[in-house]
Amino acid sequence: MTRQILEIWVGVFVAAGIAALFMLAMKVSNLSTVSTGDTYEITARFDNIGGLSIRSPVKASGVLVGRVSNIKYDKDYSVAVVTMSIQNRFDSFSIDSRASIYTAGLLGEQYIELVPGIEDNYLEDGSDVVMADSALILENLIGRFISEIISK
Amino acid sequence: MKSPLVEITKLSFNRGSRIIFNNVNLDIERGKITAIMGPSGTGKTTLLKLISAQLEPTVGSIMVDGQNIHGLDQEELFEMRKRMGMLFQSGALLTDLDVFDNVAYPLREHTRLDERMIRYLVLIKLHAVGLRGAAQLMPSELSGGMLRRVALARAIVLDPMMILYDEPFSGQDPISMGVLMKLIKTMNDNLGLTSIIVSHDVNEVSAIADYIYIISDGQIMDQGTPAELEETASEWAKQFLKGLPDGPVHFHYPALDYAIDLFEIS
Amino acid sequence: MQHFLRKTVAVFESLGDRSLDSFERLGRSTLFLVRVFKSIPFVFLRPWLLIQQLYSVGVLTIVIVLVAGTFVGMVLGLQGYNILVRFNSESSLGTMVGLTLVRELGPVVTALLFAGRAGSALTAELGLMKTTEQFSALEMMAVDPFKRVIAPRFLAGFLSMPMLAAIFSAVGIYGGYYVGVYLLGVDDGAYWAQMQKSVDFHEDFMNGVWKTVVFGFVATWIALFEGYDSVPTSEGIGRATTQSVVNASLAVLGLNFILTALMLETS
Ligand SMILES: Nc1ncnc2c1ncn2[C@@H]1O[C@H](COP(=O)(O)OP(=O)(O)OP(=O)(O)O)[C@@H](O)[C@H]1O
Ligand SMILES: [Mg+2]
């Protein structure tokens with residue numbers, strides 16, 4: 001085998017490997033759908049966040065506008081403080097927007113849905129969303145449902 | 001008189017509990033051909049490996065060209081080894097390179113010669129061992145004798161100051177044996193290099209060696225020029241050199257008494 | 001009674017002997033690795049050495065990886081479809097195939113194939129070089145075998161593994177696509193969209209890549225050390241080659257569990 005043929009093969013191999021990595025990153029994983037632009041952060045306080053976790057999606061009308069970037073527990077008020085990174089191009093959430101935790105499908109992952117209000121001032125970096133609805137906890141619902149059935 | 005190139009003092013070496021060398025003193029003169037002879041398994045190959053610092057002595061020191069070769073760091077040792085050639089008993093060619101590239105290997109590693117010059121030097125050395133026509137063969141396509149001759153060409157390609165030959169003649173037909181003898185002799189005389197030959201071929205060695213050491217049982221049994229040995233050799237050396245089955249030399253690896261072993265008497 | 005005592009002592013003795021042995025081997029393999037690291041800069045001065053090894057380690061492993069990846073992907077498509085169709089969620093087939101391959105099967109199966117194909121070849125090659133005194137010959141020619149022989153092989157193994165695993169996962173995803181979409185009628189768009197929605201770049205893809213990096217490192221290290229440390233006889237080479245595949249495979253499976261646990265912990 002000549003040196004040149006060997007070099008060509010190695011070149012093909014490396015190119016195929018890099019192409020495969022690229023394909024997995026862009027076509028298989030969500031890298032291409034993750035925002036790369038700048039973000040601003042807003043926070044919201046929930047009584048119960050259910051199964052929400054860091055990197056959970058934040059949506060408006062079903063469109064991905066950002067992700068959960070931090071979750072803390074505020075022991076003074078006994079609430080969870082959730083920080084969301086919202087992409088800069090979605091900059092028109094009024095200050096009376098409502099943040100609710102929903103579940104995709106019956107058992108799917110949990111996400112935050114932002115519903116804009118009617119004010120003319122918009123949320124900006126560091127703002128706090130006043131209106132926050134906690135997660136619907138499936139176990140609680142089922143528990144209530146069962147106890148209702150039993151009590152009948 | 002010039003100081004010897006290799007000075008071995010009080011050398012002892014063990015393999016596990018087995019003593020290979022026991023307090024050996026031995027000098028290799030510059031520009032001479034020194035032969036090391038001795039029964040199979042006495043440690044001739046081991047001695048060459050000690051001299052080239054592939055093995056560490058248990059006790060004693062080995063000076064090569066005025067330097068304690070076991071006290072050198074890797075860089076100094078490699079500098080020293082560039083001036084040494086070694087013909088391994090098995091040839092030890094690099095199996096993934098063809099004959100030409102094997103011989104060219106030390107040149108490509110240690111010199112900045114251009115390809116034309118390398119080709120020139122390699123072909124000269126291959127021609128000297130009669131294998132210029134085999135340049136494009138792979139080591140797996142060579143016979144044992146050819147393999148050894150390629151290894152010889154590789155050992156001499158850098159024109160070292162000292163060459164260690166481990167059994168250069170074994171496996172060679174009478175013609176290539178003669179050619180190799182002449183080659184070793186001429187290189188020694190013309191280039192002034194020092195040769196150490198390990199060999200069993202008494203006649204060949206006597207013909208070209210300037211000095212002979214006969215070692216056995218971890219000691220030097222006899223030494224001298226071929227002529228001296230011819231005349232004054234001990235019973236021991238006489239038996240060894242003439243190849244007689246009976247005498248003081250043991251043909252057997254140390255063992256229990258034959259009869260005891262055979263009939264399992266304990 | 002005395003006999004029993006003597007036997008017990010003998011058992012402990014051999015146990016102690018063995019653990020001492022394995023400690024000693026661990027020490028030697030660590031020193032070996034240190035020497036390899038020290039020699040790696042040299043490889044960048046001689047890229048040709050690396051290219052040669054990328055050929056024998058990477059290119060020669062690619063066929064088996066392509067074939068295995070395709071079949072594993074196809075079987076995932078088949079099994080996944082049959083499970084998901086019970087819940088009426090066969091549109092999530094892409095999710096299942098993608099996640100399984102990227103997170104687990106891609107790195108692990110590729111590493112096992114790598115140990116069997118490239119690792120055993122590396123061990124046998126080094127074992128043969130040792131048996132035929134080629135290492136000694138190199139040293140006598142004032143050439144450091146670590147720089148010339150071992151470091152390029154190490155680097156090639158380390159670099160090849162992530163690429164091979166990526167190729168495995170990529171063809172596997174197309175294998176699953178072929179079975180799921182072409183043969184079983186899952187919606188084309190759903191296959192890709194569901195996959196992309198649930199395979200996270202950091203949590204799934206990158207963690208998979210990290211696994212392959214670790215596996216490549218460990219499998220290559222074990223293969224080279226077993227060869228370098230082998231008993232220089234033909235029997236010794238055979239034993240070393242078997243050992244190399246067994247040890248590398250076990251190491252990969254064990255490390256996979258540890259890495260997975262760590263990754264789930266931190267996410
Ligand atoms: N790697 C090793 N481990 C343990 N013992 C060894 C090793 N290599 C050689 N020996 C022992 O050392 C002794 C000397 O070996 P050496 O190869 O030097 O013999 P030699 O004189 O070259 O023999 P020959 O003429 O057959 O080549 C032998 O008895 C052998 O059993
Ligand atoms: Mg020998």
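Start by selecting helix α3 of chain C, residues 93-131, together with α8(C): their axes come within 8 Å and cross at roughly 150 degrees. (Helices are DSSP runs of H or I with at least four residues, strands are runs of E with at least two, and both are numbered from the N terminus. Axes are lines fitted to C-alpha atoms, for helices over the stretch in contact, and angles run from 0 to 180 degrees between N-to-C directions.) The two helices, α3(C) and α8(C), are therefore roughly antiparallel, a label for angles over 145 degrees, while under 35 counts as roughly parallel, 65 to 115 as roughly perpendicular and the rest as oblique. Their crossing is right-handed, meaning that the near helix is turned clockwise from the far one by less than a right angle. Now colour the contact of α3(C) with α8(C) by residue type: you'll get 13 nonpolar, 11 polar and two charged. (Nonpolar covers Ala, Val, Leu, Ile, Met, Phe, Trp, Tyr, Cys and Pro; charged covers Asp, Glu, Lys and Arg; the others, Gly among them, are polar.)

A word on what you're viewing: this is a predicted model, where local features need pLDDT of at least 70, side-chain atom pairs count only at pLDDT 80 or more, and totals for chains, interfaces and linings use all residues. Residues are numbered from 1 along each chain as its sequence is written, chains are lettered from A and ligands numbered from 1 in the order in which they are written, and side-chain values use heavy atoms, with hydrogens and water left out.

Zoom out to the whole of chain C, and you'll find eight helices and zero strands. Its C-alpha atoms fill a box of roughly 65 × 65 × 35 Å along the principal axes.

Next, jump to ligand 1. Which residues come nearest? Of the 14 around ligand 1, they are B:Arg18, B:Ser40, B:Lys44, B:Thr45 and B:Thr46, where "around" means a heavy atom within 4 Å. By type, this shell has two nonpolar, eight polar and four charged residues.

Show side chains for the polar contacts (pairs of N or O atoms within 3.5 Å). B:Lys44 puts a polar side-chain atom 2.7 Å from an oxygen atom of ligand 1, and B:Gln89 has one 2.8 Å from an oxygen atom of ligand 1.

Finally, highlight α1(B), which gives the largest share of the shell around ligand 1, three residues.

Conventions:
A polar contact is a pair of N or O atoms within 3.5 Å; within protein, one must be able to donate a hydrogen and the other to accept it, and residues adjacent in sequence count only if both atoms are side-chain atoms.
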